[in-house]
Amino acid sequence: MSHTPLLSRRICRFHLAIGAATLRPRLRMAKKRFNALPGFGLTMGFTLFYLSAVVLIPFAGLVVRTLGLSWPEFWRLATTARALAAYRLTIDSSLVAALANALFGALLAWVLVRYEFPGRRIIDAMVDFPFALPTAVAGLTLANLFGPNGWLGRYLVPLGIHGAFSPLGIVLALTFVGLPFVVRTLQPVLQNLEREVEEAAATLGAGRLRTFVSVVAPSLFPAVLTGFALAFARAIGEYGSIVFISGNIPFKTEIAPQLIVMRLEEYDYTGAIALAVVLLVFSFLLLGVINVLEQWSNRFLH
Amino acid sequence: MSQTVLIRKRDLVRQSQRGTEESPVVKWTLITIALGFAFLFLLLPLLNVFAQALAKGWSYYRSALVEPDSWSAIRLTLLVAAISVPLNVVFGLAASWAIAKFEFRGKPLLITMIDLPFSVSPVVAGLMFVVLFGLQGYFGQWLGAHDIKIIFALPGIVLATVFVTFPFVARELIPVMQATGTEQEQAALTLGANGWQTFWHVTLPSVKWGLIYGVILCNARAMGEFGAVSVVSGHIAGKTDTMPLRVDKLYTEYNAPAAFAVASLLAMLALLTLAIRTILEWRQARRELIAGRVDS
């Protein structure tokens, strides 16, 4: 029992050493870089102008508008019973979807990297399909598939499994949308994993399961967690696919972005803004967590 | 000759992996579960789009696409992409030149800012423009007085699209430009080329594939964006409905076959995007393989 954790710790240190060795010359090069290239003023000027016009000014507009609200007013608008139900549903269904992706995505990444089977390259390319497919189309086809007359729904609905117009439908759509994240974060880590380590464990008498649990899994964990967080963050803001599949029933199948749109349709700008700020703050907190996680999992990549 | 060497190498690798492989039963169980998941979430939704689109036959499919409101949605989507993608390409080139070729303070902050739109929910992105230009927005009254329409019109749709697709080209280009360094450009300048010539003949060819990659991703998202555009469009049939919005409208009007017909075009766009992307990646992998062989 005692030698395996030590083994993996030593591998960690080995990876770190390699990381540092490759980083140092790169830093030196960057410092030495001498510059006579033209166009810095022009490109930087345009970059800042365009960034301000498209991103920063709209952003500032929202912030200033929010600051115009008094705190009690903001709190009242952001925490209505309907809003709380929407946050809860958004977070719960995003968590379940991200968990499903962590589990099946990790399995898919493993299978794609480790095994040869017919159609492997096609499946590998198809993993990015949810990135490329417009979310509206994803929502439309999933709602149809799981609806009472759909290819799957016609068998599932009689069994009481409602994959459309239900919280389960939301989870299905969010799983689809977040599918590439875990697979794509895990794949490079798996490819770079050294087989010698597993061989060493096998030589030392560990069975395959034991090798996996105490040697392979610990080095995959940070990447799976990063992929999980990315899928979760993507799911929190998702709107397009949910519109089609959720049924949009207040307190039951209404997610936070849908409630923002409802408020806007009622011309209740302040109500929409309060909800949007809550969603934004949550996304930024997640972004911070993801950055930390990425740094952590990059230690296993070199 | 090189073929036999490759095969022998593969055999060696295989032999060394014998102690570290799962039993065939475990292996094929894992493959089956993973493929089942991929089939359920990747293949089935895709097949369903085309099956439902053609459920009422070819002639219905054709007429659903050329029906005036759908046809105008297709044209609007192409127009919006034709405006917003080039804007983001120019920005991506400028930003990656400044970031990759020069050192300055606050560079990490600038990169974070460029990535910002990725972490904003599309609905919130749309809301930002409504807050600026909407009826109760900052410039709403002024715009109304001067009869300029931004929200519920083409400019608003373009702005929302530009916002959500903002980072795509820059993000692809920055690492590629950083990797190529500045030596080639310095050489060109020393040989008497001016800045534009250097950029056009030296920099652009070296980042060509990254640029194409960024453009197709940016375009796919621009044509497929729903949330942000939905908030600013106003959903005026025949005027401010893009293809994804048209899909939504047809669906809520209980016209599923027509909704799927329009959706099938977007699905084809997604497949085309994936195909180009995959070809580019395979090219890259092959080039690296060849480079590796030359090295060894």
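The model is predicted. Helix H2 of chain B covers residues 24-53, which makes 30 residues, and from its first C-alpha to its last it reaches 41 Å, close to the 44 Å expected at 1.5 Å a residue. Its course includes a bend of about 40 degrees, located at Phe39(B).

A number of residues of H2(B) are buried, among them Ile31(B), Ala34(B), Phe37(B), Ala38(B), Phe41(B), Leu42(B) and Pro45(B). An α-helix has 3.6 residues a turn, so residues three or four places apart point the same way. Further along H2(B), the buried residues include Asn48(B), Val49(B), Gln52(B) and Ala53(B).

According to the domain assignment, chain B is divided into domain 1 (23-53) and domain 2 (57-295), and the C-alpha centres of these two domains of chain B lie 30 Å apart. Five residues of domain 1 of chain B are in contact with eight residues of domain 2 of chain B, and on the domain 1 side of this contact there are four nonpolar residues, one polar residue and no charged residue.

Between the chains, the contact draws 74 residues from chain B and 72 residues from chain A. On the chain B side, H2(B) supplies the largest share, with 15 residues. The classes of the residues on both of the sides described here are set out below.

Notes:
Residues are numbered from 1 along each chain as its sequence is written. Chains are lettered from A and ligands numbered from 1 in the order in which they are written. This is a predicted model: local features need pLDDT of at least 70, side-chain atom pairs count only at pLDDT 80 or more; totals for chains, interfaces and linings use all residues. Helices (H or I, at least four residues) and strands (E, at least two) are DSSP runs, numbered from the N terminus. The expected span of a helix is 1.5 Å times one less than its number of residues. The bend at a residue is the angle between axes fitted to the seven residues ending there and the seven starting there. A residue is buried if 20 or more other C-beta atoms lie within 10 Å of its own, exposed if 12 or fewer, and partly exposed in between; C-beta atoms are placed from the backbone. Domain bounds come from an automatic or database domain assignment. Two residues are in contact if their C-beta atoms, placed from the backbone, lie within 7 Å. Ala, Val, Leu, Ile, Met, Phe, Trp, Tyr, Cys and Pro count as nonpolar, Asp, Glu, Lys and Arg as charged, and the others, Gly among them, as polar.
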